There are 2 protein chains.
Amino acid sequence: MSELRKNIISRQWVIIATERARRPHQFTREKKVRKELPRYVPNCPFCPGNEAQTPPERFRLSVAGNWRVRVVPNKFPALTEEDKLVSTNIGNKRTISGVGIHEIIIETPDHNGTLALMNNAEVERVIEAYLYRYHCTLADSRVEYVTLFKNHGAAAGTSIEHPHSQIIATPIIPGEIRERLESALQFYDERGQCIFCVTLREEQEEHTRIVDENEQFVAFIPFAALSPFHLWIFPKRHCAAFGSINDAERIALASIMRRVLRKLYDGLGDPDYNFVIRTGPKDQRLRHYHWYVTIVPRVTQTAGFELGSGMSINMALPEESAQFLRGVVVN
Amino acid sequence: MSELRKNIISRQWVIIATERARRPHQFTREKKVRKELPRYVPNCPFCPGNEAQTPPERFRLSVAGNWRVRVVPNKFPALTEEDKLVSTNIGNKRTISGVGIHEIIIETPDHNGTLALMNNAEVERVIEAYLYRYHCTLADSRVEYVTLFKNHGAAAGTSIEHPHSQIIATPIIPGEIRERLESALQFYDERGQCIFCVTLREEQEEHTRIVDENEQFVAFIPFAALSPFHLWIFPKRHCAAFGSINDAERIALASIMRRVLRKLYDGLGDPDYNFVIRTGPKDQRLRHYHWYVTIVPRVTQTAGFELGSGMSINMALPEESAQFLRGVVVN
């Protein structure tokens with residue numbers, strides 16, 4: 001029978017709908033879209049040779065004189081850097097001017113590249129670019145929070161094929177992040193423990209939802225996963241902000257990200273996905289918050305029930321999804 | 001420039017991204033999918049003649065001996081009716097058995113029918129079925145909340161073409177609904193007014209976001225609309241629960257729903273959409289809560305930023321979207 005499970009961090013309930021469940025392999029896509037793309041596309045603004053088509057570059061990592069990762073402002077930004085922060089209140093309508101930073105991390109010169117198929121050094125460079133721009137954007141006094149994310153494939157909301165991630169720095173802490181901070185603080189107040197550290201320990205003991213692990217990180221399917229193969233990657237060391245990771249963690253993060261994305265690529269046939277680095281806010285030393293990565297393969301479609309209730313219906317059993325991904329062998 | 005706007009009811013911020021904005025007609029789809037479907041599909045479980053393929057019927061409205069609306073249990077329900085409500089807590093993992101009700105409202109015998117193209121009497125029958133089953137499902141003592149919704153088209157998450165809506169009755173009040181109730185209660189505590197009544201009055205005075213109106217209802221684009229053409233239909237009379245509507249309201253709701261959906265159909269070319277009847281919880285006489293309908297055309301795709309922040313990026317200006325829909329003339 002079905003089961004309602006509570007996400008201890010977001011406090012939202014998920015319906016694990018076993019009556020309509022599908023086996024893990026039923027989510028596998030036959031055609032790997034990425035494989036059919038050319039390595040170079042003459043009119044792609046992110047392909048080498050077209051550097052002038054992007055706004056002026058802010059960061060570059062090169063090897064033997066050729067760039068491997070570039071960071072540029074988004075040409076069509078959701079938020080703009082030029083303006084002043086103006087907050088208004090008219091009647092009950094509250095607005096803030098659209099001040100912020102919106103950057104693109106071009107992950108590789110190869111149009112058909114993808115994190116899942118890169119080597120460790122290549123993924124490390126991408127994480128390095130994330131980290132550098134995270135610090136730079138957060139240094140802007142108008143910025144309160146930085147969201148680092150990737151949209152892979154059309155179902156994940158990307159319109160540009162060339163592999164890239166994005167940074168959006170907002171002048172507010174988003175409501176959802178504030179709710180999580182409050183919920184984590186309440187847990188800390190009651191128990192004197194970080195809710196993420198406790199969750200991680202429980203997952204390690206139970207082991208049924210673990211997908212991959214290295215010295216610094218654990219990747220697992222959350223107990224109340226929102227959707228099939230929804231994944232969390234938690235750092236083992238308690239640390240509130242992504243920006244505080246050390247060198248060993250940066251290298252280990254690149255390695256586990258690559259391995260997990262490769263498991264998805266091989267196991268599910270290059271699914272569309274989003275990932276987000278969920279970091280704490282500016283105050284980086286909070287005892288009750290813990291940064292992590294969330295990955296959501298877009299193998300199903302959210303619908304009216306999710307919209308109306310905020311609850312998700314997950315058609316896959318988290319324990320079965322984890323077992324399936326554990327079984328996908330990667331180097 | 002862009003603007004952040006706060007949704008006063010959900011308390012979430014939305015980025016109205018004018019830098020990447022599109023004009024309303026740019027969201028219009030060329031091909032009306034629904035028009036190309038046949039009226040009758042021999043192996044469709046919801047088409048007339050195949051009544052035995054659904055679980056036993058729970059409600060039927062007939063005209064001249066032929067059914068026009070049927071309500072049946074979902075053959076693959078997200079929640080099941082047979083089980084006992086069992087709540088468990090192991091470590092920090094909280095579960096409730098998947099008890100609840102999941103029903104399908106078959107809106108018409110016509111496989112290619114759609115609410116937008118029906119006449120008033122036909123839509124009224126659909127609302128009648130909603131109302132009847134709303135009361136029946138809420139009468140189950142295990143049920144705490146009823147979500148009534150529709151998924152129209154593949155991008156809105158439906159896998160069955162034949163026009164239908166759904167009811168999911170859950171053994172909990174979803175977290176998102178609880179948050180809205182709390183936020184509305186706080187507003188009521190501070191101001192002695194219903195936040196929805198105040199919002200409605202402000203919208204009527206300003207008029208720039210109104211799409212349609214009749215004696216009982218107002219349809220408008222929210223000030224902080226989540227996505228292009230996101231719509232709210234508010235009843236003018238303060239009333240916490242959908243189940244408390246009177247006969248005049250039922251008839252007026254059918255009329256405004258039909259007109260608004262027809263505006264979307266004609267103006268945007270039969271877009272995929274979800275709608276939800278957001279009702280209050282079981283206690284139907286709350287002074288601080290107000291039921292309403294939310295309609296979300298699926299003309300854009302949510303992505304990593306929405307996932308990571310809970311904030312939306314809306315690429316259309318609400319005032320422009322409203323003006324566009326006001327200009328679509330329907331009978």
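This is a predicted model: local features need pLDDT of at least 70, side-chain atom pairs count only at pLDDT 80 or more; totals for chains, interfaces and linings use all residues.
Chain A contains 6 helices and 15 strands. Its radius of gyration is 20 Å, close to the 20 Å that the globule rule gives for 331 residues, so chain A is as compact as a globular protein of that length. Of the 331 residues in chain A, 50% are buried. Among the contacts in chain A with a separation of 6 or more, 71% are between residues 24 or more positions apart.

Next comes the relation between the copies. In general, a rotation about an axis and a shift along it relate two copies of a chain. The same surface serves both copies, since 100% of the contact residues of chain A recur in chain B.

The contact itself draws 61 residues from chain A and 61 residues from chain B. On the side of chain A that touches chain B, several elements each supply at least two residues, and they include both strands and helices. Among the strands are β1 (3-6), β2 (13-16), β6 (93-97), β8 (145-152) and β13 (273-278). The helices among them are α2 (175-191), α3 (195-206) and α5 (304-309). By residue kind, this side of chain A divides into 27 nonpolar, 21 polar and 13 charged residues.

Strand pairing also crosses from one chain to the other. β1(A) is joined by 3 bridges to strand β6 of chain B, residues 93-97, and the two run antiparallel. In this pairing, Glu3(A) stands opposite Ser97(B) in β6(B).

Within chain B, strand β14 has two antiparallel partners that can be followed here. β14(B) covers residues 292-297 and is mostly covered, with 5 of its 6 residues buried. On one hand, strand β12 of chain B (residues 231-235) is joined to β14(B) by 3 bridges, and Ile233(B) stands opposite Val293(B). On the other, strand β13 of chain B (residues 273-278) is joined to β14(B) by 6 bridges, and Asn274(B) stands opposite Val296(B).

Two loop residues of chain B have a positive phi without being glycine. His207(B) has a phi near 65° and is found in the loop between α3 (195-206) and β10 (210-213) of chain B. Asp270(B) has a phi of about 50° and lies in the loop between α4 (247-268) and β13 of chain B. Is each of these residues buried or exposed? His207(B) is exposed, because 11 other C-beta atoms lie within 10 Å and the cut-off for an exposed residue is 12 or fewer. Asp270(B) is buried, because 21 other C-beta atoms lie within 10 Å and a buried residue needs 20 or more.

Definitions and conventions:
Residues are numbered from 1 along each chain as its sequence is written. Chains are lettered from A and ligands numbered from 1 in the order in which they are written. Two residues are in contact if their C-beta atoms, placed from the backbone, lie within 7 Å. Helices (H or I, at least four residues) and strands (E, at least two) are DSSP runs, numbered from the N terminus. Ala, Val, Leu, Ile, Met, Phe, Trp, Tyr, Cys and Pro count as nonpolar, Asp, Glu, Lys and Arg as charged, and the others, Gly among them, as polar. Two strands pair if DSSP finds at least two bridges between them. The radius of gyration is taken over C-alpha atoms; the globule rule is 2.2 Å times the number of residues to the power 0.38.
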